[in-house]
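Student: Could you show me how to read confidence and charge pairing in a model of this kind?

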Amino acid sequence: MKKVDRFLLKSFIGPLVLTFFIVLIILILQFLWMYVDELAGKGLDFKILSELLYHFALTFVPTALPLGILLASLMTFGNMGEFSELSALKSSGISLQRIMMPLIVLIGIIAIVSFFFSNNVLPYSTDKARTLLWDIRRKKPDINIQAGTFYNGVPDFSIKITTKDPVTNRLDNLIIYDHRQRRGNYSVILADSGYMHLTKDETGLVMTLYNGHGYTELEEKNVSINARKYPARIDYFKEQSIVIPLSGFDLQRSEEGLFKSSAAMLNISQLTFTIDSLNNKYKDRLNSRFRDFKNVKFYAVRNVKPYNPSLLSQQDTIGKSRKFDVKSLYDSLNVTEKRSVVAKAIENLKEEISILAEKNDSQHNEIKAIRRYEVEWNKKLTLSFACLVFFFIGAPLGAIIRKGGLGTPAVISIFFFVVYYVISITGQKLVEEDVVGTFPGMWAASYILLPIGIFLTYKATTDSVILNIETYLLFFKRIKDFVYRLFINGSREEAIQTNNFENE
């Protein structure tokens, strides 16, 4: 390895690590922003949150890596261009392709590692992350009763308080509706004050009430509505304790493999096996449906007239469809039979149109299920290949703009990443809806942006100034001068010629 190669690698690895973790943190913050409502108020400890963020961070690695490579390559070659290091290397006879060669090898290794990561680590981490998120969603929020509103978080109870002391947790003017017997608001308790606390094992809620009374409607069995007298019981107390068992407030961990049948949880070999199995089942069902439809619905034999073998073709074997001479058979019927046959045919046609529409929707859903697995199969390759695509965009672009730091490279990186993301998502949706093929849809972003990278590499090799603002200012200045000479000077020459003609 030459000194130039070591210099390039040292200049690139530092920004790559920095930008990769910056992008990864941004994606994690985006995840928290999306699920903050489901995580807040659940009383999750730091260990659970750390485990959740760790597994989701692993799922973001294949997405963060291409963007980090794009930003790092822009920064590296932008700094080298800004400090004339690229010019010095080129003046010594080293081409831009030779300068990029060690980084191309490094990005190729990173792309291979990214593929193995997506194929082996990503399904496991995705399964763990989604299972834990599912458990968190099922966990009920912690009891947090606010003053002035009814709180329905405690099972089978509705509680309202007027004020709450934040220091002593004393509750004043309590109204508690008991719905444990599923009879509506049959029982209500009013108390001047009270306290609430969880048991030591956090399996129950203890409510201690002071100076109140309870009103309970007694149930009248086997009594008609008109004969009911609606008896009730009122109980007065100075102190009363109510113990309510709590369920669902603790985090119950599910077994691993809860989402193992999902496409995102499978590796390449498992996806290939699943896709082949689904395709074979789809073809078998399709052939079976068509065979049943053809044998049962294409032809119907009626015993209106004696069977006439001459109207049938010689190909009339058991298990094979009969080919009718339709015109001769129809002409052999009388007017009444013709009307009956036509009416029956129209009725069968409407019925079969409805059946075919239903079968078509069913087959379309089966195809969409197959496409989802094909999307995941191709996604493991496209995200790895995107590392190379973004490098061939970022490296020559940095050499052209000759600006380092995080400012200009970050703006350009976000622009290209948004373009790549929009094309990828659009292609994925079209593939899942079976509008386009799997390969054209999933690889659309790659074969659209890769020629741009090759073009930028060519322009950077020839020291192009396509992104130099002075070039465009000079271009518009030339247009302005041309317009000025065309109209202003042309008007002056016309005026001079007119004046000379009048003098003559």
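Tutor: We take confidence and then salt bridges in turn.

Tutor: This is a predicted model, in which local features need pLDDT of at least 70 and side-chain atom pairs count only at pLDDT 80 or more, while totals for chains, interfaces and linings use all residues. Residues are numbered from 1 along each chain as its sequence is written, and side-chain values use heavy atoms, with hydrogens and water left out.

Student: What pLDDT does the protein average?

Tutor: pLDDT is the predictor's confidence in each residue, from 0 to 100; the protein averages 78, and 79% of the residues score at least 70. Over residues 302–321 the pLDDT is below 50, yet this stretch has 21 contacts in the model beyond near neighbours in sequence, a contact being heavy atoms within 4.5 Å.

Student: How many salt bridges does a search of the whole structure find?

Tutor: Side chains of opposite charge can pair when their charged atoms come close. A salt bridge here is a side-chain nitrogen of Lys or Arg within 4 Å of a carboxyl oxygen of Asp or Glu, and the search finds 8.

Student: Are Arg 371 and Glu 374 buried or exposed?

Tutor: Both are buried, where buried means under 20% relative accessible area, exposed over 50%, and partly exposed in between (1.4 Å probe, protein chains only). Their side chains meet in a salt bridge at 3.1 Å, N to O, and they lie 3 residues apart in helix 7 (residues 335–401), about one turn of the helix. Also in helix 7, Lys 379 and Glu 376 are 3 residues apart and form a salt bridge at 3.7 Å, N to O. Salt bridges that share partners join Arg 371, Glu 374 and Asp 434 into one network.

Terms used
Helix = DSSP H or I, 4+ residues; strand = E, 2+ residues; numbered from the N terminus.
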